[in-house]
Amino acid sequence: MPLGVPHEGVAGSLGRLQGGDAGTLPLGRETIRTEMTMKAFMVEKYGDASNMRAAEILAPQVGADDVLVRIDAASVNPLDLKIRDGDLKQILPYRLPLVLGNDLAGTVVRVGSSVTRFAVGDEVWARPDKDRIGTFAELLAVHQDDLAAKPATLTMTEAASLPLVALTAWQALVERANVQPGQKVLIHAGAGGLGSITIQLAKALGAHVAATASTAKIDLLKDLGADEAIDYRTQDFSELLTGYDLVLDSLGGENLAKSLRILKPGGLAISVAGPPDPATARELGSNLVLRLGIAALSAKIRRQAKRLGVTYSFLFMKASGDQLRELTPLIDAGKIRPVVDRVFPFDETLQAMEYVEKGRAKAGKVVVSIT
């Protein structure tokens, strides 16, 4: 079933997309009919940055299991750019217009009738479910299962930088690879938003960690805890490393193919940038034709992995409030700290996306401050 809704005008679209009629003022569990609006950044059609704009739209209604969050900060992810450009429309068939944004930190302003874990005034963080995105806005209705209390040690800006990348790191290292103390893990693009958090989580799990980055970022890798910091501009990781249990790849292409060769027999390469595999198509509920197409896309890399006696796996992370709660003690204990490159005001969301798209971030995440 396609995500989102048909074009009915921006206000009608958002109201239906996020769980009911729009135009209600949140006051605890009570509701007052009004024409409350909010500012959001919309993608009107797939393409480049010219197809995205700021708009005044009706605020979302809250379903029984939803929590309405006043968003204080959101962060920019490469995923936002891929959705905007239509690169993922085969596996994420959104209907447009669509509010972008996949991370948030904010304050609860209303809870649905079946919500028991959250109350008005709670500070929370989340990566909304894939069919409920829209954090480049002043308000968002989030299912209670996807939400968690914000780590006490983080500011809203810091918290907003983490959900998507922290959940990706957790699902790769803990849920899928079951990393154990003493195992060897290679993390590509270690100074980026995902890499910087994955290094820290891998070290917290007791792994031996190698990471790659450019020359200027080698010291950051060491500061984050990497045991081996590899300058990809002057060194070839495939000639330096061997016998690794896990590679987390965020680059794809030849980098992914070379990564297979440094794994020990039975090792695992997890990619967030390589071709989706059949398991991903099943998880996303793709139809038979699309599943066959996706299987064909990843057939080459899966054959290469099989010849080497290792496994290739694509990861499309999922929302999980429970996993955010698992991560919180590590964050509050200082074992995982956010790396924030720059904060843009909400009015400059398009500039923030351009900053990420052009590769200007020196390290970590770019955040948009909404309040």
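Guide: A definition comes first: two strands are said to pair if DSSP finds at least two bridges between them. Helices (H or I, at least four residues) and strands (E, at least two) are DSSP runs, numbered from the N terminus. This is a predicted model, in which local features need pLDDT of at least 70 and side-chain atom pairs count only at pLDDT 80 or more, while totals for chains, interfaces and linings use all residues. Residues are numbered from 1 along each chain as its sequence is written, and side-chain values use heavy atoms, with hydrogens and water left out.

Visitor: Thank you. In what order do the six strands of the open sheet come?

Guide: The order is β15-β14-β13-β16-β17-β18, and the pairing is parallel. β15 (228-231) and β18 (311-314) stand at the edges with a single partner strand each, so one side of each has no neighbour in the sheet. From one strand to the next, the twist averages 15 degrees; axes here are lines fitted to C-alpha atoms, for helices over the stretch in contact, and angles run from 0 to 180 degrees between N-to-C directions.

Visitor: How many bridges hold β14 and β15 together?

Guide: Strand β14 (residues 208-213) pairs with β15 over four bridges, in the parallel sense. Within that pair, A211 stands opposite A229 of β15.

Visitor: Which helix lies across β13, β16, β17 and β18?

Guide: That is helix α4 (residues 163-176), which lies across β13 (184-187), β16 (244-249), β17 (263-271) and β18. Helix α4 runs at about 150 degrees to β17.

Visitor: And at what angle do α4 and α5 pack?

Guide: The angle between α4 and helix α5 (residues 193-204) is about 50 degrees, and their axes are 9 Å apart. The two helices are therefore oblique to each other; angles under 35 degrees count as roughly parallel, over 145 as roughly antiparallel, 65 to 115 as roughly perpendicular and the rest as oblique.

Visitor: Which residues make the contact?

Guide: From α4 they are V165, A166, T168, A169, W170 and L173, and from α5 they are G193, L194, I197, T198, L201 and A202. Contact means heavy atoms within 4.5 Å. By class, this contact of α4 with α5 has nine nonpolar, three polar and no charged residues. In that scheme Ala, Val, Leu, Ile, Met, Phe, Trp, Tyr, Cys and Pro count as nonpolar, Asp, Glu, Lys and Arg as charged, and the others, Gly among them, as polar.

Visitor: How does α4 pack with α12?

Guide: Helix α12 (residues 321-332) packs with α4 at about 95 degrees, the axes being 10 Å apart. That makes α4 roughly perpendicular to α12. P163, A166, L167, W170, Q171 and E175 of α4 meet Q323, L324, E326, L327 and L330 of α12. These residues divide into seven nonpolar, two polar and two charged.

Visitor: What about α2 and α13?

Guide: Helix α2 (residues 78-85) and helix α13 (residues 349-357) pack at about 105 degrees, with axes 10 Å apart, and are therefore roughly perpendicular to each other. D80, L81, R84 and D85 of α2 make the contact with M353, V356 and E357 of α13. Three of the residues are nonpolar, none is polar and four are charged.

Visitor: Back to strands. Which three form an open antiparallel sheet?

Guide: They are β5, β4 and β8, in the order β5-β4-β8. β5 (52-58) and β8 (98-99) stand at the edges, each with a single partner strand, so one side of each is left without a neighbour in the sheet. Two bridges join strand β4 (residues 37-43) to β8, and M42 stands opposite V99.

Visitor: Where is the cis peptide bond?

Guide: The bond from L96 to P97 is cis, with omega near 5 degrees. P97 lies in the loop between β7 (94-95) and β8.

Visitor: Which residue has a positive phi although it is not a glycine?

Guide: N178 does, with a phi of about 50 degrees; N178 is placed in the loop between α4 and β13. Most residues other than glycine have a negative phi, and most peptide bonds are trans.
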